[in-house]
Amino acid sequence: MSDDNAGPAGAGPLDPSPRPEAARLAGASVTFGDRVLWHDVDLTVHQGEFVAVLGPNGAGKTTMLRVLLGQIPLSSGVATIAGHPVTKGSAEIGYVPQQRAMDALAPIRGRDLVTMGVDGHHWGPRWPSHSRSQKVRRAIAEVGATSYADAPISQLSGGEQQRLRIAQALVSQPGLLLCDEPLLSLDIRHQNAVSQLIDQSRWTHNVGILFVTHEINPVLPYIDRVAYVAGGRVLVGTPDEVMRSETLSDLYGSPVQVFRHNGRIIVLADEERAPHSHGEHQATTRD
Amino acid sequence: MIDFSSIINFEGFSSLVPLVSGAIIAGTVLGVLAGLIGPMIHARDLAFAVHGTSELSFAGASVALFLGVSVTTGAVAGSLVAAVVLGLLGVRAKDRNASIGIMLPFGMGIGVLFLSLYKGRSSNKFGLLTGQIVAVDSTRLTTLCLVAALVALALAVVWRPLFFASVDPAVAKARGIPMRTLSIIFMVLLGLTTAMAIQLVGALLVLSLLITPTAAAARVTARPSALCLLSIVFAVISAVGGILLSLGPGLPISPYVTTISFVIYLVCLPIGAWRRRQGWSRRV
């Protein structure tokens with residue numbers, strides 16, 4: 001039940017004509033010692049598809065990304081990127097991390113950050129290259145960061161830094177974008193702008209997107225499917241299929257209520273095993 | 001009151017300079033080396049590790065002095081032990097700093113013990129702590145140049161992924177950069193550089209060549225290539241300038257080296273503040 005076929009829509013509801021596969025987990029399980037983090041997960045992300053990974057803290061959302069990055073091995077099942085088994089440092093993957101205060105010690109500009117996305121992992125000295133700087137310039141322009149690309153990155157706002165990070169992830173033309181809480185610590189306005197920018201990359205770069213977030217609402221207008229991680233299982237389906245009281249109660253194994261209000265989704269659980277409320281307080285107070 | 005001319009004077013300057021040409025070459029090489037590795041120390045937030053490494057290097061050198069073997073070898077051995085230990089501890093500053101704090105006084109203690117046991121010339125003892133570049137002989141100069149070439153070459157190879165790993169670890173790791181291996185390689189290079197710097201400015205003042213020039217450069221630029229170039233220039237000015245200024249008064253070079261690098265930093269502070277007020281470059 002914890003797979004693509006859980007919902008009535010089958011494999012990829014918004015995806016009638018099969019597109020190339022960006023990433024796939026099949027019968028995938030992760031165990032740490034005796035503890036099973038999640039098991040028998042089936043999830044396919046196609047190119048051009050936007051999938052949000054939701055779930056409470058510690059359920060293993062980020063672990064899913066780390067499996068696809070080749071940093072954590074599966075205890076069973078397979079994980080593939082563009083049809084090939086996962087490897088460390090796959091060129092097929094663009095990675096957008098959380099916005100963290102960039103170390104003020106690191107004296108780099110946004111342009112340098114994006115350049116590292118092109119060839120920062122190569123050995124040997126970096127010789128000047130016209131095509132590289134052009135690629136970087138284009139990527140920066142695409143995310144609208146040209147005006148501040150030459151300022152020290154530590155002086156940029158969180159939203160500006162995330163735009164540059166998206167450019168950094170896309171500049172290598174990956175087929176898959178893995179985003180790990182890229183909206184965290186951004187204000188609502190920047191959350192919306194960054195979500196929109198990431199959504200656009202499906203059309204401009206034809207990437208499949210796997211987007212880990214604890215808050216569904218900023219990305220709700222864009223996502224095709226949700227992968228909800230809780231209680232050792234992962235439930236995959238459209239937001240309408242997954243974000244329902246009965247489905248989530250079953251997944252959590254305890255009562256969960258899902259409300260919809262003005263196009264937003266609010267998830268509430270009983271105090272004891274509270275999953276989280278998808279940051280709705282923040283959203284409503286600001287509106 | 002101190003006579004100013006006892007600190008700064010150029011008595012017999014032109015006749016003294018040729019006598020210390022070896023020292024000036026050593027100062028230049030070391031300045032370049034320090035300026036080259038400085039930005040990486042800066043990016044990895046390793047200032048305290050440099051201090052720790054230099055104390056262990058000092059311990060190694062004192063043991064070597066006591067045993068009557070090559071001081072350079074001792075300094076390098078001490079540095080490498082520190083480097084490998086710190087490299088294995090990884091890049092997290094929090095865990096690292098406590099371990100350095102534990103290692104540093106231990107190394108210092110070993111160093112002091114063996115210096116006290118040493119029965120030779122006392123200027124040798126003082127030199128290990130505060131520098132004795134005038135005593136640079138051709139063997140030591142050759143060693144310095146060879147090590148510097150080795151470190152520079154290795155840095156050229158690892159610089160790009162190492163810099164990525166230092167300033168943007170999350171994405172660097174996702175791109176498959178071998179973080180731990182690079183961390184150890186870098187600490188070994190840092191250990192070698194520290195062991196060389198100790199012979200010029202002494203264990204106590206290594207920071208003024210490895211940290212201050214880059215810190216000054218980072219105030220005024222955010223461009224990695226400019227940072228590297230400026231920190232080399234600042235480090236060379238400090239090292240060579242310190243040697244030259246110490247000639248007339250016949251005092252140790254370290255106060256001159258540290259003062260010059262500190263003054264450069266002080267000059268860079270307001271320039272950086274001014275650039276920030278101007279909105280840095282092309283920021284709209």
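Predicted model: local features only at pLDDT ≥ 70, side-chain atom pairs only at ≥ 80, totals over all residues.
Strands (E, at least two residues) and helices (H or I, at least four) are DSSP runs, numbered from the N terminus, and strands pair if DSSP finds at least two bridges between them. Ala23(A) sits opposite Ile81(A) in E4(A). The pairing belongs to an open, antiparallel sheet of four strands in chain A, ordered E2-E1-E4-E5. Its edges are strand E2 (35-46) and strand E5 (84-85) of chain A, each of which pairs on one side only.

Helix H1 (residues 61-68) of chain A lies across E1, E2 and E4 of chain A, at about 115° to E1(A). Axes here are lines fitted to C-alpha atoms, for helices over the stretch in contact, with angles from 0 to 180 degrees between N-to-C directions; contact means C-beta atoms, placed from the backbone, within 7 Å.

Over in chain B, helix H3 (residues 47-67) packs against helix H9 (residues 179-201) at about 60°, with the axes 9 Å apart. On the H3(B) side, the residues that meet H9(B) include Val50(B), Phe58(B) and Ala61(B), while Leu190(B) and Ile198(B) are among those on the H9(B) side.

Residues are numbered from 1 along each chain as its sequence is written, and chains are lettered from A and ligands numbered from 1 in the order in which they are written. Local features need pLDDT of at least 70 and side-chain atom pairs count only at pLDDT 80 or more, while totals for chains, interfaces and linings use all residues.

Methods
Contact = placed C-beta atoms within 7 Å.
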